[in-house]
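Please look over the protein shown here.

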Amino acid sequence: MTTDTSKSTAKSTKNLLSAKEVTRRGFVKGAAVTAGVAIGSGAITGFPTIWAQNIKNVTLRQFGTGVSNINAVADKVKEDLGFTLQMTALDSDAVAQRAVTQPKSFDIADIEYWICKKVFPAGTMQPMDTTKLKNYDAISKLFITGKLTPDSEIAQGTAPHTVGFVESADSVDFASAPTQWMTLIPTIYNADTLGIRPDLINRPIDSWSELLNPEFKGKASILNIPSIGIMDAAMVCEASGLVTYGDKGNMTKDEIDKTIAVMIEAKNAGQFRAFWKSFDESVNLMASGEVVIQSMWSPAVAAVRSKGIACKYQPLKEGYRAWGGGIGLAKHLSGLELEAAYEYIDWYLSGWVGAYLNRQGYYSAAPATAQKFMSEDEWGFWMEGKAAAGDILSPDGKVMEKAGAVRDGGSYEERMGSVACWNSVMDENKHMIRKWNEFIAA
């Protein structure tokens with residue numbers, strides 16, 4: 001982000017934390033100072049010594065995917081909240097494994113909802129009390145009810161709200177309706193589609209089926225994260241009329257087998273140039289021209305365009321595959337560290353991070369607060385589908401889109417309102433992973 005923008009957002013943050021209300025953050029710091037003086041004078045005995053500690057001594061360890069484990073966020077936490085946030089970025093499969101098998105190695109898990117479905121029942125994380133968050137009401141209803149608007153249909157797959165709540169403070173069972181206790185506080189989400197090189201294709205692309213078009217033999221790619229890749233594969237197979245699904249988000253063994261058989265046949269015919277796992281891999285494949293059509297993430301498309309290379313995030317008639325993520329707390333977290341974690345989560349929802357994520361092409365889970373940290377032109381481009389009045393900059397100040405550009409897919413409502421399925425964990429997950437690995441190894 002540019003220096004001027006950083007100063008502006010820092011000033012906005014201070015304004016939001018004005019004297020209009022005494023926040024819990026102020027109480028924690030104030031209580032610590034007061035308690036220190038009182039205890040030192042001997043005037044008070046039995047005061048919880050935890051509040052006398054200096055919050056600057058707190059270090060919270062966060063891990064998750066590289067999508068949202070961003071150094072700029074850790075720097076801003078230090079500036080605004082005073083404590084240290086250590087971030088570790090891993091791929092999705094490693095995130096899921098670590099959350100279950102190494103519960104003492106982290107304090108905060110920044111994970112996707114399909115991962116939450118796998119790991120929360122293991123009991124290594126603690127439900128979060130929504131009454132401790134003053135920004136809870138700013139969270140998009142998509143994460144509370146599953147509906148963008150009251151008359152929206154809920155998409156197939158692991159929709160975030162289905163694994164977003166548990167029954168009580170010590171429960172690991174997902175609740176069927178919103179409760180006081182959340183598994184993850186939602187932070188980030190997006191509607192994904194295929195990325196294309198329009199300069200190398202030179203014709204309209206409007207269907208997921210194009211990923212298997214022999215025209216692109218040796219120049220197509222799909223991501224190699226089983227629980228996500230299988231959803232892209234299903235969108236492709238369904239659009240091609242090759243497989244019919246009862247529910248793409250929860251396939252039967254037979255549906256999985258048919259899907260993988262189609263993909264293996266395509267692979268053996270030389271359709272795929274590569275299978276990628278990381279953001280950088282997808283950018284390099286597209287920027288080099290080795291691949292002209294592939295599974296892609298919105299910021300990766302923007303990264304290719306920032307190199308001066310034509311790349312489009314193509315809206316498709318069958319709709320988008322969506323994903324969402326949030327922040328969860330390790331079960332062992334307690335005391336001052338737990339309070340600091342709640343402060344961090346509430347701060348995360350207060351707008352600065354949301355605007356940062358929006359500027360990358362993702363969506364903030366609290367859109368209204370993010371808007372306060374964006375210019376009218378930025379908000380119009382990223383959220384309202386309007387043509388940019390001026391150049392659109394990335395968080396670090398690089399030109400992402402030129403004046404006059406319109407976001408691929410249009411407005412927030414158009415894109416998220418066209419979601420066909422969410423990333424998913426199926427009942428036959430083990431069978432799916434086994435078959436997916438057969439596809440990659442074929």
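## Buried cysteines

A residue counts as buried when its relative accessible area is under 20%. The model here is predicted. Cys116 has 0% relative accessibility, so Cys116 is buried. What is the relative accessible area of Cys311? The value is 3%, so Cys311 is buried too.

How many disulfides does a search of the whole structure find? The search finds zero.

## The whole protein

The protein has 442 residues, and 55% of them count as buried. Its secondary structure comprises 16 helices and 17 strands.

The accessible surface is about 18000 Å². Carbon and sulfur atoms hold 50% of that surface.

## Two crossing helices

Two packed helices are described by the angle and the distance between their axes. Helix H3 covers residues 71-81, and helix H11 covers residues 335-348. Their axes come within 11 Å. The axes cross at roughly 110°. Angles of 65 to 115 degrees count as roughly perpendicular. H3 and H11 are therefore roughly perpendicular to each other. Their crossing is right-handed.

Which residues make the contact? From H3 come Val73, Lys76, Val77, Asp80 and Leu81. From H11 come Glu343, Tyr344, Trp347 and Tyr348.

Conventions: Residues numbered from 1 in each chain as written. Predicted model: local features only at pLDDT ≥ 70, side-chain atom pairs only at ≥ 80, totals over all residues. Heavy atoms only, no water. Helix = DSSP H or I, 4+ residues; strand = E, 2+ residues; numbered from the N terminus. Buried < 20%, exposed > 50% of the residue type's maximum accessible area, 1.4 Å probe, protein only. Areas by Shrake-Rupley, 256 points an atom, 1.4 Å probe, with all protein chains shown as cover. Disulfide = S-S within 2.5 Å. Axes fitted to C-alpha atoms, helices over the stretch in contact; angles between N-to-C directions. Parallel < 35°, antiparallel > 145°, perpendicular 65-115°, else oblique. Left-handed = near helix turned anticlockwise from the far one by under 90°. Contact = heavy atoms within 4.5 Å.
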